[in-house]
Amino acid sequence: MQDKSSPRKSEYNFLAHGHGKTAPWIDLVNSQEWDTFGRLTDHLNNPAWVPYFLRQWHFASPSREPAPIARLKTLRAALRKGSEALFRGKPIPPPELRVLNDVLNLRGKQQLFQRQNGLRIEFVPDKSGWRRIQAAVARSFVETIADGQSARVKICRNDDCRWVFYDQTKGKTRCWCSSKSCGNRERVRRARARDHH
Ligand SMILES: [Zn+2]
């Protein structure tokens with residue numbers, strides 16, 4: 001059901017699919033989405049997905065530059081491997097670190113901004129377009145895991161799902177993605193197995 005205030009249907013689906021919650025890097029990783037039967041949908045192959053992604057995270061859409069899908073997939077693979085490593089309490093492997101550093105390697109300048117909560121120093125890249133967007137996505141990963149928060153990066157316990165999410169619970173106890181009710185399925189499966197004994 002849609003009311004007049006809801007965004008257009010496809011945008012609504014972007015959010016209903018569980019995207020657009022925590023940070024751009026999580027959406028990019030989850031653009032490779034397995035359903036609960038292990039079937040894969042690659043949202044990067046859907047030309048509609050990228051514009052919603054850009055709008056959701058307020059990235060200026062590069063008008064003259066087509067989305068560099070292959071490079072986005074390389075970044076996505078590095079972020080997936082990086083988050084899996086963090087999830088297991090391991091450091092990010094060197095090849096993935098290299099991909100992230102390549103993406104972050106942009107010329108630019110430090111600039112002071114007056115924000116509502118005071119002065120902030122931010123890095124402003126010379127380049128605009130997709131190079132800047134990819135760097136911002138990689139940077140969002142670093143920002144998520146900064147300040148010792150890497151233990152909050154989780155992967156759904158359902159091996160067919162592997163949805164990456166940020167666990168905001170106080171005790172860091174969340175195990176399942178929320179959008180595909182993997183946790184419910186697991187409870188049902190266990191209950192059935194119990195009943196059969
Ligand atoms: Zn799941």
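The model is a predicted one. Colour by secondary structure and read along the sequence: the pattern is α-α-β-β-α-α-α-β-β-α-β-β-α. With the principal axes as reference, the C-alpha atoms fill a box of roughly 65 × 45 × 35 Å. Of the 197 residues in the protein chain, buried residues make up 23%. Taking contacts between residues at least 6 apart in sequence, 54% join residues at least 24 apart.

**Helices α4 and α6**

Select residues 69–87, which form helix α4, and residues 129–145, which form helix α6. The two pack at an angle of about 5 degrees, and their axes are 11 Å apart. An angle under 35 degrees counts as roughly parallel, and α4 and α6 are therefore roughly parallel to each other. Now show side chains at the contact. On the α4 side, pick Arg71, Leu75, Leu79, Gly82 and Leu86; they meet Gln134, Val137, Ala138, Phe141 and Ile145 in α6. Sorted by class, this contact of α4 with α6 has 7 nonpolar, 2 polar and 1 charged residues.

**Helices α4 and α5**

The crossing in which α4 passes α5 is left-handed. From α4, select Thr74, Leu75, Ala78, Lys81 and Gly82; their partners in α5 are Glu96, Val99, Leu100 and Val103. The contact of α4 with α5 divides into 5 nonpolar, 2 polar and 2 charged residues.

**Helices α5 and α6**

Leu100, Val103 and Leu104 of α5 make the contact with Gln134, Ala135, Ala138 and Arg139 of α6. By class, the contact of α5 with α6 has 5 nonpolar, 1 polar and 1 charged residues.

**The nonpolar core**

Which residues have the most contacts inside the largest nonpolar core? Select Trp25, Leu75, Leu79, Ala138, Cys156, Val164 and Cys177; the core that holds them has 26 residues. The element that gives the most is α6, with 5 residues.

**Cysteine 156 and arginine 162**

Stay in the core and centre on cysteine 156, one of the residues with the most contacts inside it. Leaving aside neighbours within four places in sequence, cysteine 156 is in contact with Cys161, Arg162, Trp163, Trp176, Cys177 and Cys182.

From that group, move to arginine 162, which lies in the loop between β5 and β6. Is arginine 162 buried or exposed? There are 20 C-beta neighbours inside 10 Å, so arginine 162 counts as buried. Check the backbone as well: phi of arginine 162 is near 60 degrees, a positive value in a residue other than glycine.

**Histidine 58**

For another positive phi, go to histidine 58, where the value is near 55 degrees. The residue sits in the loop between α3 and α4. Histidine 58 counts as exposed because 8 C-beta neighbours lie inside 10 Å.

**Proline 51**

Finish at helix α3, residues 49–56, where proline 51 lies. Proline 51 has 14 C-beta neighbours inside 10 Å and so counts as partly exposed.

Notes:
Residues are numbered from 1 along each chain as its sequence is written. This is a predicted model: local features need pLDDT of at least 70, side-chain atom pairs count only at pLDDT 80 or more; totals for chains, interfaces and linings use all residues. Axes are lines fitted to C-alpha atoms, for helices over the stretch in contact, and angles run from 0 to 180 degrees between N-to-C directions. Helices (H or I, at least four residues) and strands (E, at least two) are DSSP runs, numbered from the N terminus. Angles under 35 degrees count as roughly parallel, over 145 as roughly antiparallel, 65 to 115 as roughly perpendicular and the rest as oblique. Two residues are in contact if their C-beta atoms, placed from the backbone, lie within 7 Å. Ala, Val, Leu, Ile, Met, Phe, Trp, Tyr, Cys and Pro count as nonpolar, Asp, Glu, Lys and Arg as charged, and the others, Gly among them, as polar. A residue is buried if 20 or more other C-beta atoms lie within 10 Å of its own, exposed if 12 or fewer, and partly exposed in between; C-beta atoms are placed from the backbone. A nonpolar core is a set of buried Ala, Val, Leu, Ile, Met, Phe, Trp, Tyr and Cys residues joined through C-beta atoms within 7 Å. A crossing is left-handed if the near helix is turned anticlockwise from the far one by less than a right angle, and right-handed if clockwise.
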